[in-house]
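Q: I'm new to this one and would like to know where its labels come from. Could you show it to me and go through them?

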Amino acid sequence: MFNTVIKLQNNNHYDIEVTLNEERLQYLFASIGNSTIIKAIEYSPITLLGNRVVYNLGFGDYDEESKTIIDNINSNNGDMYTVFNTVLHTVPLFFESKPDCVLYVCGSDSTENFKESCLPFCEKKCNEFCKKENQRIKTYRYFVDKNFENLSNNYIFFGKNRTANNTFVQYVPGHEYHDILVYKKNN
């Protein structure tokens with residue numbers, strides 16, 4: 001379970017506030033670092049896979065005025081591990097609420113047009129290779145890879161690499177994936 005892994009790593013998470021509507025599940029919390037930033041984690045349905053609803057895991061700064069998530073900025077608030085653990089903390093909560101659904105994870109910096117939109121404003125002086133591309137999904141992959149044996153007790157993972165076969169395959173730690181599907185096992 002994600003909670004077990006987090007406790008083993010001796011990392012904390014922020015308290016969350018749940019907001020629900022008919023389709024999506026949203027968790028709000030305050031990131032307290034260099035400043036206080038309201039963050040949102042949102043699980044929203046995107047498609048059907050057989051008879052299962054697939055939910056996208058969205059995360060970012062919460063714009064209170066528009067009630068939307070801004071997922072394409074890096075806050076650099078000095079509390080990255082606590083924020084990441086907070087996101088991970090909500091995964092078991094999601095599956096408690098929606099046990100027969102599938103979770104889809106992809107970073108906003110993994111989209112096909114990310115590089116083109118990043119280059120004009122690039123702070124890292126990138127040329128052909130974008131150093132920011134796929135950073136977010138790499139963080140999730142690193143976590144899954146590091147904890148794969150423990151996580152596999154409760155979850156099944158599939159990965160997709162857009163430059164290779166572009167189809168979901170059984171997840172193998174150490175392989176590069178741009179998209180991840182997570183199924184909860186019926187224990």
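Q: Which residues have the most contacts inside the largest nonpolar core?
A: Tyr43, Leu57, Phe94, Leu103 and Phe157 have the most, in a core of 29 residues. A nonpolar core is a set of buried Ala, Val, Leu, Ile, Met, Phe, Trp, Tyr and Cys residues joined through side-chain atoms within 4.5 Å. The elements β2 (25-32), β3 (36-49), β4 (52-63), α2 (80-97), β6 (102-105), α4 (135-146), β7 and β9 each give at least two residues to this core, and α2 brings the largest share, seven residues. Those helices (H or I, at least four residues) and strands (E, at least two) are DSSP runs, numbered from the N terminus. There's also a second, separate core of six residues, with Val54, Cys106, Leu181 and Tyr183 among them.

Q: What should I keep in mind about the model itself?
A: It's a predicted model, where local features need pLDDT of at least 70 and side-chain atom pairs count only at pLDDT 80 or more, while totals for chains, interfaces and linings use all residues. Residues are numbered from 1 along each chain as its sequence is written, and side-chain values use heavy atoms, with hydrogens and water left out.

Q: Why is Tyr183 called buried?
A: Its relative accessibility is 17%, and buried means under 20% relative accessible area (exposed is over 50%, partly exposed in between, with a 1.4 Å probe and protein chains only). So Tyr183 counts as buried. Cys101 passes too, at 11%, and so does Cys106, at 18%.

Q: Which residues does Tyr183 touch, leaving aside its neighbours within four places in sequence?
A: Tyr183, found in strand β9, is in contact (heavy atoms within 4.5 Å) with Leu49, Arg52, Phe95, Val102, Asn154, Tyr155, Ile156 and Phe158. Take Asn154: it is 29 residues from Tyr183 along the chain, yet their C-alpha atoms are separated by 8.6 Å.

Q: What makes β7 and β9 a strand pair?
A: Two strands pair if DSSP finds at least two bridges between them. Strand β7 (residues 155-160) and strand β9 (residues 179-184) have six, in the antiparallel sense, with Tyr155 standing opposite Lys184. β7 also pairs with strand β8 (residues 169-170), antiparallel over two bridges; there Phe158 has Gln170 as its bridge partner.

Q: What makes Tyr155 and Phe157 a tilted pair?
A: Rings of Phe, Tyr and Trp (its six-membered ring) pair if their centres lie within 6.5 Å; planes under 30 degrees apart count as stacked, over 60 as edge-to-face and the rest as tilted. The centres of Tyr155 and Phe157 are 6.5 Å apart and the planes are at 50 degrees, so this pair is tilted. Phe157 and Tyr171 are tilted as well, at 6.0 Å and 55 degrees. Phe157 lies in strand β7 and Tyr171 in the loop between β8 and β9, so their pair ties together parts that are 14 residues apart in sequence.

Q: How do you know that Lys184 sits over the ring of Tyr155?
A: The rule wants NZ of Lys or CZ of Arg within 6 Å of the ring centre and within 35 degrees of the ring normal. The charged end of Lys184 is 5.5 Å from the centre of the Tyr155 ring, and it counts as sitting over that ring.

Q: How many disulfides are there?
A: A disulfide is a pair of cysteine sulfur atoms within 2.5 Å, and by that rule the count is zero.
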